[in-house]
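Here are a few exercises to work through with the model open. Try each one before you read its solution.

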Amino acid sequence: MRHFNGNIIFKQKGRQGLFLFLDFDGTLSRLVADPDRARLLPGLKNILKKLARHPHIRIMIISGRSLADVRKRFGINNLIYAGNHGFEIYFKKRYLLRKGKKYRAIVSRASSLLKKQLRDIPGVIVEPKGLSVAVHFRNTPYSYLAVIKKTVEVISKSTGIKNKLALTTGKKIFELRPHKNWNKGFAVRWVWQKMAPKACPIFIGDDVTDEDAFEALKKDGMTIRVGKKQKSAALYYIKQTEDVVKTLSQIAQLFFNQISKN
Ligand SMILES: [Mg+2]
C-alpha cells in the first residue's frame, strides 16, 4: 500500500473519462456517534457538483445506508446513488437496479428480534434499512461487545434467517444483509460497465465492505483506502477522512492536465 500524494499515473490507455465511486461514512463524512448526524465534509458538496457537471466524469456514492438515507444527504441531481451496499442503485429519478426485494420481510423480522433482544444494552442502535439491518455499538461500553456479538450471531442462525441473511462487520457495526452474491464490488463493476465502460474507475472507501470494491477494481482502476491498513486490497491510502476533499481535487487536477495534454 502506497501513500497517495497526488502524483500518480492513471491506467488511462484507451480510457476516456473518470468514474468516481465514493463511500459515504468515514470517507465523505467523519464517523460520528449518532449515524443520523453524519455531515458531508466542508467543501465537498461544491467539488462534487463541479466534477459531476463535467461530461467525462461520473460519480456514484455507494453506501451501506438505505438508498433514501444516502440520497437525502447529498441532494445533487446528477450523481448516481447506491444504497444497501449496492442492492439499490438510483440515477436521475429512476432505479437502475433493485435487487433482493424478497429479503425485505426477512430483514424486517430480524430487525424486530434484534431490537427486542438488544433493548437493554446501553447505546445500541438497531437500524432497519429495508434490505439490511445494522446494529451500531459505537456508544456502547466495550464490556457489552461479547453479548451483542453473541445475540446477533444467534439471530443470524435462527430459523428463517439462517442461509438467507449473512452477518458482516465493519467499524463499530454488525450487519445482517442478503446472503447473495452481491456486494460493493459487484455493484461498482456493474454500474461502470453499464454507464461508462471506457472511463477509468476510481474507488475511495474506508471500511471492510469497501474491500470487495478494492478487489474488484484492482486490475482496472485506482483504489484508495482512508487509513493505512496492511491487509487492504487498495493500491493507495490517505491518512484520514479530512484528506478526501484534497484528494478529490488532486485527482480532478491530474485528470484535467491529462486531457489538456491529449
Ligand atoms: Mg465507510
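**Exercise 1.** Leaving aside its neighbours within four places in sequence, which residues is Y90 in contact with? Then decide whether Y90 is buried or exposed.

*Solution.* Two ground rules before we start. Residues are numbered from 1 along each chain as its sequence is written. The model is predicted, so local features need pLDDT of at least 70 and side-chain atom pairs count only at pLDDT 80 or more, while totals for chains, interfaces and linings use all residues.

Step 1: look for contacts (C-beta atoms, placed from the backbone, within 7 Å). Y90 touches L67, R71, Y81, Y95 and L96.

Step 2: count neighbours. Y90 has 20 C-beta neighbours inside 10 Å, so it counts as buried (buried: 20 or more other C-beta atoms within 10 Å; exposed: 12 or fewer; partly exposed in between; C-beta atoms placed from the backbone).

**Exercise 2.** Work out the strand order of the open sheet of 4 strands, and find its edges.

*Solution.* Step 1: strands here are DSSP E runs of at least two residues, numbered from the N terminus, and two strands pair if DSSP finds at least two bridges between them.

Step 2: follow the pairing, which is antiparallel and gives β7-β8-β10-β9.

Step 3: β7 (125–128) and β9 (165–170) each have a single partner strand, so they are the edges, with one side of each left without a neighbour in the sheet.

Step 4: check one pair. Strands β8 (residues 133–136) and β10 (residues 173–178) are joined by 4 bridges, and A134 has E175 as its bridge partner in β10.

Definitions and conventions:
Two residues are in contact if their C-beta atoms, placed from the backbone, lie within 7 Å.
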